[in-house]
Amino acid sequence: MFHLDLLLWWVLVLLVLVLVVMLVCMCWTRHTMIATRYRRERYGTLCRREERFWSFGIQPGGSSDSLPLLRNGRSNSLGTLGGSGGGGSVASASINSQDTADTAREGPTSLAFWQARSISLMEMYTEQGEHSEKCGDINFGLDYDFSSETLKLRVIQGRDLAARDLNGLSDPYVRITLLPDKKHRLETKIKRRTLNPRWNETFYFEGFPVNKLQTRVLHLHVYDYDRFSKDDSIGEVHLPLCQIDFTSKPQFWRKLHPATKEKLGELLVSLTYFPSNNTLTIGVLKARNLKAKDINGKSDPYVKVWLMFGEKKVEKKKTPVYKCNLNPTFNQNFEFDVPWEQIRDCSLDISVMDFDTIGRNELIGRLMLGSRTSSGPEETNQWAQMVAKPRQAVTVWQRLKSGD
């Protein structure tokens with residue numbers, strides 16, 4: 001009898017282990033399929049990504065960890081050159097001579113193809129639609145030397161950049177790439193405690209014939225430098241070089257947009273406060289361009305709203321689930337009892353979730369609306385308008401943030 005009990009116990013342990021392994025395998029397979037589907041949808045219709053590499057020259061006051069700068073197969077060094085604004089720093093990048101020769105053989109007959117491809121790259125790295133968050137503007141200029149096949153980029157200044165630090169300022173710098181190559185990049189110097197930086201820095205890209213530039217998209221990404229944490233994205237701009245007339249030495253003022261990798265979708269939210277009966281009403285109206293979380297490239301979204309007082313969760317409301325929909329219309333109104341004297345002490349924690357029948361529901365994105373606690377300046381502004389205009393609905397498209 002004792003041996004039989006022991007045998008049954010070991011059989012039970014074995015069955016539990018098998019079930020655990022099966023569950024882990026199912027979860028891993030599911031997430032792998034989601035990631036594969038997402039990559040196929042994003043990149044599947046595009047041409048093969050070019051693997052072109054630059055070798056960086058030595059920046060003033062710095063050192064180079066890569067190969068010497070090459071032009072026409074010969075080693076070439078750069079001196080310190082000033083930008084047109086005076087005192088600007090210079091960096092440079094080039095492609096190898098064989099790459100240049102291959103591009104030169106393409107000829108003008110392929111120009112239309114490369115222009116179409118550059119536009120396709122632009123569509124891949126950006127999302128269409130309106131942007132609810134103001135990130136600021138950036139001023140830059142382009143010049144092209146046809147004899148040396150060198151593109152010169154001058155990053156001049158920024159204007160009205162979004163604040164990312166607690167002091168209401170930022171420490172901005174610009175990261176520069178020529179897409180589709182993301183591996184090699186250049187950066188400006190950091191400008192401390194300002195929302196209107198002046199960089200006046202010049203960068204050279206050597207060994208780029210005009211027909212090769214038609215295949216590239218200039219990407220300028222403005223970051224806020226943080227000493228003890230990951231640098232925050234302020235905004236970015238993409239410029240297909242096939243659209244540029246290099247004979248005119250153009251200069252641009254372009255609006256910055258939220259970084260593509262941070263776009264989880266947007267939620268249309270209305271806020272109304274009725275002082276007569278101490279009622280705070282939030283309308284969860286609809287969402288657009290939600291991030292896909294399921295294998296079929298869709299999500300099953302619903303919205304969860306918590307009334308918060310400080311860090312304390314007081315009351316929860318949620319919408320129904322909308323199956324296989326990245327642009328759902330909720331049209332749900334939720335009411336919370338909040339006295340007027342406490343309206344500035346409370347906040348609303350809003351989470352857009354993806355419902356899963358098997359497994360844990362996943363967060364798509366979230367935002368916090370409040371006076372003292374919010375997830376950004378747009379959210380704080382909407383709350384302030386609600387307080388200033390009682391009994392009037394304040395409706396705003398809010399960009400979803402990650403849950404980090």
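User: To begin, in which loop is the place of E149?

Analyst: The model is a predicted one. In it, E149 sits in the loop between β4 (137-145) and β5 (150-159).

User: Why is E149 called partly exposed?

Analyst: The relative accessible area of E149 is 26%. Buried means under 20% and exposed means over 50%, with partly exposed in between. Since 26% falls between these limits, E149 is called partly exposed.

User: What is the phi of E149?

Analyst: The phi of E149 is positive, at about 55°, although E149 is not a glycine. Most residues other than glycine have a negative phi. C324 is also a residue other than glycine with a positive phi, near 50°. C324 is found in the loop between β15 and β16 (329-337).

User: Why does C324 count as partly exposed?

Analyst: C324 has a relative accessibility of 43%. As this value lies between 20% and 50%, C324 is classed as partly exposed.

User: What makes E335 count as exposed?

Analyst: E335, a residue of strand β16, has a relative accessibility of 54%.

User: With which residues is E335 in contact, leaving aside its neighbours within four places in sequence?

Analyst: Apart from those neighbours, E335 is in contact with T279, L280, T281 and K317. Contact means heavy atoms within 4.5 Å. As for T272, its C-alpha atom is separated from that of E335 by 9.5 Å, and the two residues are 63 apart along the chain.

User: In what order do the four strands form an open sheet?

Analyst: The order is β15-β14-β17-β18, and the pairing is antiparallel. The edge strands are β15 (312-318) and β18 (362-370), each of which pairs on one side only. On average, neighbouring strands of this sheet are turned by 20° against each other, direction ignored.

User: How do you know that β14 and β15 pair, and how many bridges join them?

Analyst: Strand β14 (residues 301-309) is joined to β15 by six bridges. Pairing requires at least two bridges, so these strands qualify as a pair. M308 stands opposite K313 in β15.

User: Which helix lies across β17 and β18?

Analyst: Helix α5 (residues 377-388) lies across β17 (346-354) and β18, and runs at about 45° to β18.

Methods
Residues numbered from 1 in each chain as written. Predicted model: local features only at pLDDT ≥ 70, side-chain atom pairs only at ≥ 80, totals over all residues. Heavy atoms only, no water. Axes fitted to C-alpha atoms, helices over the stretch in contact; angles between N-to-C directions. Buried < 20%, exposed > 50% of the residue type's maximum accessible area, 1.4 Å probe, protein only.
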